Amino acid sequence: MASKKKLLVIGAGDFQLALVKRAAKMCDVLLAAPVIGKPFEPYIADALYCDVRDFDRILEFARGANCFGKPVDGVITDETDIPVLTVARVAEALGLSGIDPDIARLFTNKALMRQRMEELGLKVLPHKTVSSLEEAVAAFKEIGGTVIIKPLDAQGSRGVKRCDNAQDIVEHFAETARWSTSHQVMIEQRATGREFVVEGLALDYEFKNLCIGDTIYFETVESLSAKERTWPTVADDELRDRVLELNRKIVTGFGLKQGITHSEFVMEGDDIFLIETAARGGGAFISSDLIPSSCGLVSEDLLVRMALGEVQTYDDLRRLRVLDHTEGDDEPALHPLQHCGYLAFYIPMGVVEAVRGVKEVLSLPYVGNTQIENLESYVGADYSKGHSDKTSRFLVTYRADTREELEKRMAYIRSTIQVDVRQPDGTLTGLIWQ
């Protein structure tokens, strides 16, 4: 009997668990991450505890310094940016299926993204890359108005801040630079229009858009993070097609050979601008739950088979039927199979006195992956994570057959999950949904 293939997954956050679970049904899984929680343990054959950017240690592990004593057959990550370059470098070093490291850098460095877009003749927002506080203040004054300050290569909105004046730059620069590998920071004009999120797929340099959704942000917290994302977009066909065509030009122009892509766009007036694009599936369970619901592509199956070299072209995709719908389509469908999305909330800082409704929501047949399973364990705790970035959000994914049904289900989830938090001044408050 042939031995199972060995797959190295890099990254072990909440959003990598679905990939690891699926991969474990198809091959022996090795995992590299600084922290690996108990939920991963039943699905992995061996683990390396290290920074996901530690290429030398991960390459040594992948070459055979693991329980099998032989090289892995594939390497992959999903729903996280930071390991993307390491994955590309390991794949190149071992001759495995993957993308060129220079392309990985292009998809993980915001300055390189914008430079390439300018080379392609595509519009970008006014921006500057800076290395010091003095340069940051000068860039703010040159750009004018409100800006967004962001690390060049972080994720999860860590260090991303809105700055309305020079004093805001002074206050936030050090924190933003701390999250950047190079300690460089981008200062970019803030756009104020509607936002879109687009998932796509490249195979053998042939790119197709998969699905397009809408992004709505929290209004009452400092974090620049989405309170909800829903698919498909409610934009009219003309605007939708403009966004999709821009995404196609970007990913094709960047030269991506293979992989799921995640792109975010914002409008200013009638113009559409890229916020960022990534050579991996969208986080917040977008890749694991919402791509399959929206267009029928079984993302985890595809990623595993792609890493192992089994899916390299769209002909391979059709042959292996890495799809979960039964309409007879041979490829992922841009038209929605289902309406779907995620909701997010924050717990305000204070003592958590009660949690209600978790079991009810988890039992709903239309709810997928969530981050509320352990919510009741916070009762009695002095919660202090706050709402400075996306990583302290709690997420619930859901789906429906119609937009009207989706809206009703969103409202029901919001009304059912209840958390009572005692504030330092003695007042009792609930979750932050807006």
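Buried means under 20% relative accessible area, exposed means over 50%, and partly exposed lies in between (1.4 Å probe, protein chains only). This is a predicted model, in which local features need pLDDT of at least 70 and side-chain atom pairs count only at pLDDT 80 or more, while totals for chains, interfaces and linings use all residues. Residues are numbered from 1 along each chain as its sequence is written, and side-chain values use heavy atoms, with hydrogens and water left out.

**Exercise 1. Confidence**

Find the average pLDDT of the chain, and then the stretch where pLDDT stays under 50.

Solution. 
- Step 1: pLDDT is the predictor's confidence in each residue, from 0 to 100.
- Step 2: The chain average is 93, and 95% of the residues score at least 70.
- Step 3: Over residues 324-330 the pLDDT stays under 50. The model has 15 contacts for this stretch beyond four places in sequence, a contact being heavy atoms within 4.5 Å.

**Exercise 2. Backbone angles**

Decide whether Ala284 is buried or exposed, and describe its phi.

Solution. 
- Step 1: Ala284 sits in the loop between S13 and H9. Helices (H or I, at least four residues) and strands (E, at least two) are DSSP runs, numbered from the N terminus.
- Step 2: Check its cover. Ala284 counts as buried because its relative accessibility is 4%.
- Step 3: Look at the backbone. Ala284 is not a glycine, yet it has a positive phi of about 60°. Most residues other than glycine have a negative phi, and most peptide bonds are trans.
- Step 4: At 46% relative accessibility, Asp204 counts as partly exposed.
- Step 5: Pro232 belongs to the loop between strand S11 (226-231) and H8.**Exercise 3. A covered helix**

Work out how many of the eight residues in helix H4 are buried, and what covers them.

Solution. 
- Step 1: Helix H4 covers residues 101-108, and six of its eight residues are buried.
- Step 2: The buried ones are Pro101, Ile103, Ala104, Leu106, Phe107 and Thr108.
- Step 3: Their cover includes helix H3 (84-94), helix H5 (110-119), helix H8 (237-254) and strand S13 (271-278).
- Step 4: Look at the N-terminal end. Asp100 caps H4 there, with a side-chain oxygen 2.7 Å from the backbone nitrogen of Asp102.
- Step 5: Turn to H3. Val84, Thr86, Val87, Ala88, Val90 and Ala91 are buried in H3, and their cover includes strand S1 (6-10), helix H2 (55-63), strand S4 (74-76) and H4. Just after H3, Gly95 has a positive phi of about 70°.

**Exercise 3. Two packed helices**

Find the angle at which helices H9 and H10 pack, and list the residues that meet.

Solution. 
- Step 1: H9 (residues 286-295) and H10 (residues 299-307) pack at about 115°, with axes 8 Å apart. Axes are lines fitted to C-alpha atoms, for helices over the stretch in contact, and angles run from 0 to 180 degrees between N-to-C directions.
- Step 2: From H9, Ser287, Ser288, Ile291 and Pro292 meet Ser299, Glu300 and Leu303 of H10.
- Step 3: By class, this contact of H9 with H10 has three nonpolar, three polar and one charged residues. Here Ala, Val, Leu, Ile, Met, Phe, Trp, Tyr, Cys and Pro count as nonpolar, Asp, Glu, Lys and Arg as charged, and the others, Gly among them, as polar.

**Exercise 4. Cysteines**

Solution. 
- Step 1: A disulfide is a pair of cysteine sulfur atoms within 2.5 Å.
- Step 2: Cys27 is in no disulfide, and the nearest cysteine sulfur, in Cys67, is 13 Å away. Cys27 is buried, at a relative accessible area of 2%.

**Exercise 5. A strand residue and its surroundings**

Describe where Glu195 lies and what it touches.

Solution. 
- Step 1: Glu195 is in strand S9 (residues 195-203), and counts as buried at 14% relative accessibility.
- Step 2: Leaving out residues up to four places away in sequence, Glu195 touches Gly213, Asp214, Thr215, Tyr217, Phe265, Val266 and Ile275.
- Step 3: The side chains of Glu195 and Tyr217 make a polar contact at 3.0 Å. Such a contact is a pair of N or O atoms within 3.5 Å; within protein, one must be able to donate a hydrogen and the other to accept it, and residues adjacent in sequence count only if both atoms are side-chain atoms.
- Step 4: Glu195 and Leu274 are 79 residues apart in sequence, and 9.8 Å apart in space, C-alpha to C-alpha.
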